[in-house]
Amino acid sequence: MSDMFHACSVARSRKQRRCDWCDELIQIGEPYEAYSWRDGGDFGRTTVHPECRAASHDFVASGGDEWLIGVITRGCCCERGDCRCNKAVEG
Ligand SMILES: [Zn+2]
Ligand SMILES: [Zn+2]
């Protein structure tokens, strides 16, 4: 279990970033959420789409622990190409 701190929401990204949940780009002008985390001796900073932040929150709340970046559908917890809910974004 990791600790989170310095969480923030940004309404308009000033540069292009990559989402650490779905591995899609966060374009300039799009909103994103970011937080720093600490897990034992590891530190990192995670940047995600707002809908991916919500999805990761649901994932952790339902007992999930680790995920593989880039195999998850944007905005939900399903594997890419195998989404079984209605939240998927095409592309
Ligand atoms: Zn995302
Ligand atoms: Zn899904």
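Let's start with contacts: among those in the protein with a separation of 6 or more, 38% join residues 24 or more positions apart. Please keep in mind, as we go, that this is a predicted model.

So what is the overall layout? The protein has 1 helix and 5 strands, and along the sequence they follow the pattern β-β-β-β-β-α. The C-alpha trace spans about 35 × 35 × 15 Å along its principal axes.

Which strands form it, and in what order? It is an open sheet of 3 strands, ordered β1-β4-β5, with antiparallel pairing. At the edges stand β1 and β5, each with a single partner strand, so one side of each has no neighbour in the sheet. From one strand to the next, the twist averages 15°.

Let me take the two pairings in turn. β1 and β4 run antiparallel to each other over 6 bridges. If you'd like a pair to find on your screen, M4 has W37 in β4 as its bridge partner. On to the next pairing: β4 and β5, the latter covering residues 42–48, are also antiparallel, here over 7 bridges. Here you can look for S36, which stands opposite R45 in β5, and for R38, whose bridge partner in β5 is F43. β4 and β5 form a hairpin with 2 residues between the strands, and in this hairpin G40 takes a positive phi near 65°. And a reminder for anyone looking at the strands side-on: in a regular strand the side chains alternate between the two faces of the sheet.

That glycine brings me to backbone angles. Most residues other than glycine have a negative phi. Here are two residues to check against that. H6 is not a glycine, yet its phi is positive, about 55°. H6 sits in strand β1, residues 3–10, and it counts as exposed because it has 9 C-beta neighbours inside 10 Å. D23 also has a positive phi, near 70°, and is a residue other than glycine. You will find D23 in the loop between β2, at 17–18, and β3, at 25–26. Is D23 exposed or partly exposed? With 15 other C-beta atoms within 10 Å, D23 is partly exposed.

Staying with loops, have a look at I28, between β3 and β4, where β4 covers 32–39. I28 counts as exposed, with 11 C-beta neighbours inside 10 Å. And what does I28 touch? Leaving aside residues up to four places away in sequence, I28 is in contact with S13, R14, K15 and Q16. For R14, the C-alpha atom is separated from that of I28 by 5.4 Å, although the two residues are 14 apart along the chain.

Which residues make up the largest nonpolar core? There are 11 of them: C19, W21, C22, I26, Y32, V48, C52, A55, I72, C76 and C77. Let me pick out C77: again leaving aside residues up to four places away in sequence, C77 touches A55, D58, F59 and I72. Of these contacts, A55 and I72 are also listed in the core.

Conventions
Residues numbered from 1 in each chain as written. Chains lettered and ligands numbered in written order. Predicted model: local features only at pLDDT ≥ 70, side-chain atom pairs only at ≥ 80, totals over all residues. Helix = DSSP H or I, 4+ residues; strand = E, 2+ residues; numbered from the N terminus. Contact = placed C-beta atoms within 7 Å. Buried ≥ 20, exposed ≤ 12 C-beta atoms within 10 Å, placed from the backbone. Pairing = 2+ DSSP bridges. Core = buried A, V, L, I, M, F, W, Y, C linked by C-beta atoms within 7 Å. Axes fitted to C-alpha atoms, helices over the stretch in contact; angles between N-to-C directions.
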